[in-house]
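I opened this structure to look up its nonpolar cores and its salt bridges. My notes are below.

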Amino acid sequence: MTTRLRPATSHDLDALYRLEQSAFAGDRFSRRQLWHLLNRAHAVTWVVEREAEDLSPARLLGYGTLLFRHGSRRSRLYSFCVHPDARGGGLGRQLLECLEGEARARSSARLGLEVRADNRVALKLYRRMGFRLERWLPEYYEDGCAGWQMTKDLETLPAGAESVAD
């Protein structure tokens with residue numbers, strides 16, 4: 001299977017919505033929220049898709065959205081999703097590396113995220129990619145599940161230097 005990463009466009013809205021529905025049981029984005037992320041928010045969304053072959057169309061396999069705040073050097077991985085049928089093949093790692101590159105290109109010094117405490121696969125990926133547990137979030141998700149706030153420094157700091165918080 002050949003895949004490619006690319007920035008999402010407003011033309012991806014329907015496929016992003018279908019991906020949300022198939023990947024998450026709750027805490028899903030609505031079409032309206034996805035439209036806002038693609039068109040209005042201070043954000044960037046990247047998608048990973050299977051390349052079109054013969055007569056089959058390209059298929060969206062995952063996406064990730066970064067949020068940026070004016071005047072801040074901290075970015076937030078706001079949403080990250082790989083289709084259930086495409087998990088375990090390294091697409092999540094590729095997508096996360098791409099998003100980290102995007103954050104660095106926009107001069108972010110730190111990348112933060114929240115993840116469900118019961119999502120062991122995502123926790124393992126994030127820890128393998130250098131994220132560290134920062135704060136426990138009790139009853140963070142709509143079903144009452146707790147979460148973890150995680151962060152990763154994107155700059156290598158000299159020994160003894162303080163990291164940039166915001």
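I worked on a predicted model: local features need pLDDT of at least 70, side-chain atom pairs count only at pLDDT 80 or more, and totals for chains, interfaces and linings use all residues. Residues are numbered from 1 along each chain as its sequence is written, and side-chain values use heavy atoms, with hydrogens and water left out.

**Cores.** I took a nonpolar core as buried Ala, Val, Leu, Ile, Met, Phe, Trp, Tyr and Cys residues joined through side-chain atoms within 4.5 Å. Buried means under 20% relative accessible area, exposed over 50%, partly exposed in between (1.4 Å probe, protein chains only). The largest core has 27 residues. Leu66, Leu77 and Phe80 are among those with the most contacts inside it. Helix H3 (91-105) is one of the elements that give two or more residues; H3 gives the most, 6 residues. Elements are DSSP runs numbered from the N terminus: helices (H or I, at least four residues) and strands (E, at least two). A second, separate core of 14 residues includes Leu19 and Tyr63.

**Salt bridges.** My criterion was a side-chain nitrogen of Lys or Arg within 4 Å of a carboxyl oxygen of Asp or Glu. The whole structure gave 16. Arg4 pairs with Glu49, closest N and O atoms 2.7 Å apart. Arg4 lies in strand S1 (residues 3-7) and Glu49 in strand S2, so the pair ties together parts 45 residues apart in sequence. Arg4 is partly exposed at 37% relative accessibility; Glu49 is buried at 6%.
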